[in-house]
Amino acid sequence: MHMADALLSAPVGGAMYAASAGALGWAVKNIEKEPQLDRKLPLMAMSGAFVFAAQMINFSIPGTGSSGHLGGGMLLAGLLGGAPALLTIAAVLTVQCLFFADGGLLALGANIFNMGVIPCLLVWPLIFRPILRKGATKGRLWLTSILASVISLQLGAFCVVLETLCSGVTELPFGLFLSLMQPIHLAIGLVEGIVTAAILTYVMQTRPELLTANISPQSELTSVSLKPLAIALAILAVLVGGGLSLLASSYPDGLEWSIQRITGTTDLERGDAVHSQAAAVQKSLAILPDYDYPSGQGQGTTASGLLGAAITCALAALIGLAISCLKKFRSAPQQ
Amino acid sequence: MADIRSKINALYSLEQLAAGDTVLHRLHPLGKLLVTFAYLICLLSLDCSSLHRLAPFLFYPIICTAIAAIPAGMILSRAALALPFALLAGISNVFINRTPALRIGGIILSAGMISLLVLALRALLSVSAVLLLVAVTPFPKLTEQLRRLHMPELLIALTEMTYRYLGILAEEGANMLTAFRLRSCGSQWPHLQLFGSMTGQLLLRSFDRAERVYHAIQCRCWHLGRRQISSPPWRIGDWIFLILGAGSSLAFRQFDLMQMIGEHWPW
């Protein structure tokens, strides 16, 4: 779920930074009103360290050949409440981005939104807390944890698809991209839900005050206006919607486009039916169906560009080597 | 647990590099932060089909790695972690956009292949730039700079504490695992049924330890709130670094220098 910088364009990265900054600002303002903030801070930091460690463990998803890791947003929200959980996941993502290259610096806003704002400020107050407010029984805790984790991961994955498509870095049609992302995150969400439920159940049995403090009606979201958050989300919706409509206007419908790309203008020869089918399949699977440029456009300019790039790469490597050698020479003991 | 401990050790090893004493280490953190952001924005706003235009962006990581005497393998191996997701998103382009776009000798590259290469290179370069920033700037200096930029104190304190508490969590986890192994007659890992209670127990133990550490810090006069932070002097070298670093990124973004070099090369 951690998005790398390469997957986002600068405008989309900037818009997501703005949205997450708004949500974080609201969370900071909200939590600063808490009388026992000093007591909560070590819990928040340690929960963050715990989620950090949990995200290092990848589990394989049977039958898919892929793996996933916990998002941790719902666990944090269950333990700490929405606003503190958002701040904690933001801290975790910042440390991961800086020290582990897990998620990019420019994509930090998008990652905080997908893995923090959605579970902590949308799913937790709208799904998790209302169900548990009727009474935190073991069964209800399991049901809520699984439901909330699945929904938050599905929404997060959906946002990843939107952000990547708006950035224009993948040519996958929207539907196909969605059909790849959502099912895999359904499986991850189920595992995350089970893990979250198991941990929260233990905490409820041993330290119930930790959980009940967060689901009481007096806590945070009811006492603070949701207006700024709603405005931030509305601005984001307009930005994302505008980006999507631009994308939609410049390309044909995904399915039409794919069909056009695969079949092109080539008429299949009407020979042996088996051979024709085989040729069609072969053509559809070939990475380069026509071994030449279409009407020879743009070869010259690209070739000069590449030559320039090769020279620059060589120059950069030489400079790097020269500096390293010079430093070694200088640091060598003088005879 | 051993895996987590080794990863946490790896995390702190990057911080050890930041204790170096080279020209880059001595620069003002704000300058390094601004240059990194300028580099990322310029790099990531390039078109996905401009493979050759990525070449000049190699200068920054290569030169900085050499000047700061950072092992290039360490940066590259960490940067490679960012590759799988970028490749996952870009691999589809190879199959969808198969228009031939470039011939190098006898090899023809499609537009999809080029965009995949661009994605992979962008991922490597952007991650390297961020890792370099952390490798030449000690974490406390970086967070102090964020305070000077008026980031909320709570968020910065939380980030610092999360980072420091990772070591405590690893210690608690290792202690629990050792205790389990000593009592479990040869079993190395707890059964799946025990997972919830073991993990919950680890969390609660770590909470208690975190509170004790926090009280100890408070006893040493630390408190949450605005603090007086001294600003390091901004020297002429910082101006030069900022102008060269951010200016070159902007120039590489604005002008297709590679095209110009290729066209005017004496061959």
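This is a predicted model: local features need pLDDT of at least 70, side-chain atom pairs count only at pLDDT 80 or more; totals for chains, interfaces and linings use all residues.

Visitor: How many residues of chain A and of chain B are in contact?
Guide: Contact here means heavy atoms within 4.5 Å. Counted that way, the contact takes in 94 residues of chain A and 93 residues of chain B.

Visitor: What share of the area buried between chain A and chain B do carbon and sulfur atoms give?
Guide: Chain A and chain B bury about 8,400 Å² between them. Of this area, the part given by carbon and sulfur atoms is 77%.

Visitor: Which side chains meet in a salt bridge between chain A and chain B?
Guide: The count of salt bridges between the two chains is 1. A salt bridge needs a side-chain nitrogen of Lys or Arg within 4 Å of a carboxyl oxygen of Asp or Glu. The N to O distance here is 2.9 Å, and the side chains are those of A:Arg207 and B:Asp208.

Visitor: Which helix of chain A gives the most to the side that touches chain B?
Guide: The rule also finds 2 residue pairs in polar contact across this interface. Elements giving two or more residues to chain A's side include helix 1 (10-31), helix 7 (174-206) and helix 12 (299-331) of chain A. With 19 residues, the helix that gives the most is helix 12 of chain A.

Visitor: How far apart are the C-alpha centres of domain 1 and domain 2 of chain B?
Guide: The domain assignment of chain B gives domain 1 as 1-17 + 138-226 and domain 2 as 20-137 + 233-257. The distance between their C-alpha centres is 32 Å.

Visitor: Which residues of domain 1 of chain B lose the most area to domain 2 of chain B?
Guide: Contact between these domains takes 14 residues from domain 1 of chain B and 16 residues from domain 2 of chain B. The two domains bury about 1,200 Å² between them, 71% of it on carbon and sulfur atoms. Together giving 54% of what the domain 1 side buries, the residues are B:Leu14, B:Leu17 and B:Leu142.

Visitor: How many nonpolar, polar and charged residues are on the side of domain 1 of chain B that touches domain 2 of chain B?
Guide: Across this domain interface the rule finds 0 salt bridges and 3 residue pairs in polar contact. Helix 1 (2-17) and helix 8 (139-148) of chain B are the elements that give two or more residues to the domain 1 side. By class, that side has 9 nonpolar, 3 polar and 2 charged residues.

How values were computed: Residues are numbered from 1 along each chain as its sequence is written. Chains are lettered from A and ligands numbered from 1 in the order in which they are written. Side-chain values use heavy atoms; hydrogens and water are left out. Buried area is the accessible area (1.4 Å probe) that two parts lose on being put together, summed over both. A polar contact is a pair of N or O atoms within 3.5 Å; within protein, one must be able to donate a hydrogen and the other to accept it, and residues adjacent in sequence count only if both atoms are side-chain atoms. Helices (H or I, at least four residues) and strands (E, at least two) are DSSP runs, numbered from the N terminus. Domain bounds come from an automatic or database domain assignment. Ala, Val, Leu, Ile, Met, Phe, Trp, Tyr, Cys and Pro count as nonpolar, Asp, Glu, Lys and Arg as charged, and the others, Gly among them, as polar.
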